[in-house]
Amino acid sequence: MKQIKQHRLIARFAVENSDNFEVITIFDDEIQREKLDKQNPTLMSISPKYTTATWFERKIKDDFGIKIEGSYDNRPLVHHERFPTLNPLRKDFQDRSLKFDDFTPYKYEVVKGEGVFEVAVGPVHAGIIEPGHFQFSQEGERILHLDIRHFYTYRGIEKSLENTSLLEAREMIERISGNESIAYQLAWFDIVLQASGVEYDEKLKKYHCLLLELERVIDHLTDLGFIPNDAGFGAALSFASQLSEDTRVFLKELCGHRFGFGSVGFEVKEYDKDRILDFLNVLEEKVRWFEDWIVDIPSVWSRFDTTGTLNKQKAKKYGVLGVVARASGKRVDTRDNLFYKKHGFVLQNETVGDVASRFKLRIKEIYNSMRLIKNFIDEPSMVKKPVKFCDGEYMSFVESSIGELFVYVKLKDGVIDRFYARDPSFINWQALYLMMKKDIIADFPLINKSCDLSYAGSDL
Amino acid sequence: MIKFWQRRVENSIVTRHLEFDKDLEDIKKELKSKIAKKFAGSLAIRMVSSGSCNACEAECNALSNPYYDLQRLGIHFVASPRHADVMLLSGVVSVNMYHHVLEVYHQMPQPAYIITLGDCPLLEGVFKENFAIKGADSLKLPISHHIRGCPPEPKEIIRGLLDFLEDFM
Ligand code: SF4
């Protein structure tokens with residue numbers, strides 16, 4: 001049988017032009033554009049072939065009121081129970097506030113049958129985390145199905161950025177997802193350079209990439225504490241949270257902010273290189289100790305091993321990204337290019353795709369990131385702050401600590417006409433339910449944490 | 001586990017020598033005595049994230065790390081509004097969270113206090129009212145205290161909690 005190669009779906013979103021709606025679909029090897037009539041716009045679904053197109057299409061429907069045909073899931077995505085029937089991303093929608101509509105119940109996707117019951121979790125959770133809803137269909141302890149419903153933190157960022165200048169937009173873009181702030185800023189900066197025709201200075205680029213790796217180290221360290229904590233091993237959290245705090249304090253020392261807000265700019269000042277090396281050496285020693293210690297705790301591994309498995313085949317089918325993908329043996333990393341390799345990047349992989357793989361992968365990536373940081377250390381430098389930007393479409397890809405981040409900006413008359421960002425979480429969330437199939441509900445927090453997806457980034 | 005205890009002895013108690021922040025110690029002492037007086041030694045906080053970027057939550061999580069170790073002062077983040085004295089509200093109060101925030105508040109036993117965290121809830125930062133953002137004022141609930149910052153650093157949150165205890169009671 002001839003095997004048809006499946007492309008990887010990166011994003012699918014709509015843009016409103018003066019006389020039509022344009023749906024842009026980005027694959028790893030091509031870009032497709034479909035123009036839809038403004039009267040009664042209808043789009044053929046690609047979700048039967050690309051499962052993760054589902055959320056993209058449901059979002060297009062909510063945002064623009066474009067009808068989707070041939071999809072098995074037509075529920076609203078971004079608009080919740082009391083959201084009025086509006087299409088806020090249409091250009092003629094300019095209301096600044098919104099009146100709640102009557103309550104229309106949302107239909108969860110559940111399994112029915114004798115003895116099967118549902119467990120609803122969220123949107124407000126027990127711990128200190130972002131809001132989201134998880135609807136479990138249970139057969140006793142065993143999870144039969146999980147329906148995820150998000151977009152509680154939907155802030156209308158795409159619309160808010162319209163008609164602002166590219167330079168002004170930065171403050172909001174860096175606040176889309178706090179843990180990935182530097183990654184978002186890098187995507188923004190890349191687009192600024194593309195649109196102004198200014199060349200990326202090598203030293204500046206190295207500094208920006210250094211910050212990005214530091215962000216990754218912080219996020220991974222945080223997870224190294226929280227994942228075992230969700231398996232009931234609190235000592236790991238106490239230890240790893242010290243390391244992530246140390247690194248956060250260090251990030252502030254370097255760039256002035258604990259999350260790196262405002263740190264990606266047109267200039268890099270002189271910084272203390274030895275200080276970075278010293279810091280990394282101490283940190284590396286501590287991480288090695290941590291690794292050495294935790295591999296010997298059997299009770300942790302008996303919870304980690306074989307829990308929340310996503311096999312490679314499914315990982316491919318869903319086009320998952322970042323840590324989740326690499327833990328399942330899928331080699332996908334935006335950093336897999338010459339520039340990074342020159343500075344010591346080695347793509348890290350695991351094979352099994354369970355919680356243990358994701359945990360081990362994070363440790364490996366921390367080591368590689370620390371090596372990259374050392375090699376990114378360089379002299380001060382700057383590029384001229386651009387003032388003029390050419391109209392057009394721009395795209396950028398950055399590997400955030402979660403995975404491949406994609407940002408699209410269309411400039412018209414010197415201001416943003418359409419902004420769209422596809423956080424890696426947007427894809428990975430859709431694959432999360434696959435990891436639950438063989439597990440019990442008590443494993444859910446552990447599995448969820450091992451993926452550490454962003455709610456805010458995917459909600460926009 | 002031997003390794004762990006060795007390390008534990010080497011490290012001793014990290015909160016004791018906070019090189020990077022001296023005055024935190026004083027704030028903490030004061031805070032502990034205030035909580036002892038006003039909340040019988042235990043202040044229960046329910047964190048509600050209502051449309052934030054997650055940095056404010058990350059800073060709240062940092063409060064439990066061994067450097068700040070808020071639990072030692074009698075401050076607990078609790079899992080249910082029914083156990084809480086204070087709702088710590090972060091985020092812009094999105095349209096999709098609006099009714100859930102109200103619900104949390106109404107489940108809290110009275111007297112219940114609201115502390116807003118970060119620039120988001122009062123729309124002082126980059127996010128302003130729009131079709132998806134309501135802001136905490138729209139809830140029409142009494143807000144007892146506000147902690148500024150984007151995000152407020154752990155020390156500022158601790159300071160803010162102390163100010164709340166001072167002004168409010
Ligand atoms: S106040 Fe700032 S840091 Fe906190 S949630 Fe809002 S944007 Fe994020």
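At what angle do the axes of helix H12 and helix H14 of chain A cross? That is where the first close-up of this predicted model starts.

**View 1. Helix H12 of chain A crosses helix H14 of chain A at roughly 35°.** H12(A) covers residues 355-376 and H14(A) covers residues 444-451, and their axes come within 9 Å. The handedness of this crossing is left-handed. On the H12(A) side, look for Val355(A), Arg358(A) and Arg362(A). Their partners in H14(A) are Leu446(A), Ile447(A), Lys449(A), Ser450(A) and Cys451(A).

**View 2. The ligand sits in the largest cavity.** Which chains supply the residues around the ligand? Chains A and B both do, so this is a shared site. From chain A comes Arg175(A), while the chain B part of the shell includes Ser52(B), Cys53(B), Ala55(B) and Cys56(B). Also around the ligand are Gly118(B), Asp119(B) and Cys120(B), along with Gly149(B), Cys150(B) and Pro151(B). By type, the shell splits into 6 nonpolar, 3 polar and 2 charged residues.

**View 3. Cys150(B) and Pro151(B) are joined by a cis peptide bond.** Omega here is about -15°. Pro151(B) lies in the loop that runs between strand E5 (145-147) and helix H5 (154-168) of chain B.

**View 4. Another cis peptide bond of chain B leads from Gln110(B) to Pro111(B).** For this bond, omega is near 0°. The loop holding Pro111(B) lies between helix H4 (98-107) and strand E4 (113-117) of chain B. As background, most peptide bonds are trans.

**View 5. Asn40(A) has a positive phi without being a glycine.** The phi value is about 55°. Most residues other than glycine have a negative phi. To find Asn40(A), go to the loop between strand E3 (31-36) and strand E4 (42-44) of chain A.

Key
Residues numbered from 1 in each chain as written. Chains lettered and ligands numbered in written order. Predicted model: local features only at pLDDT ≥ 70, side-chain atom pairs only at ≥ 80, totals over all residues. Heavy atoms only, no water. Axes fitted to C-alpha atoms, helices over the stretch in contact; angles between N-to-C directions. Helix = DSSP H or I, 4+ residues; strand = E, 2+ residues; numbered from the N terminus. Left-handed = near helix turned anticlockwise from the far one by under 90°. Contact = heavy atoms within 4.5 Å. Near = heavy atom within 4 Å. 1 Å grid on protein atoms, 1.4 Å probe; cavity = no way out; pocket = protein on both sides within 12 Å on 5 of 7 lines; lining within 4 Å. Sits in = over half its atoms within 2 Å of the grid points. Nonpolar A, V, L, I, M, F, W, Y, C, P; charged D, E, K, R; others polar.
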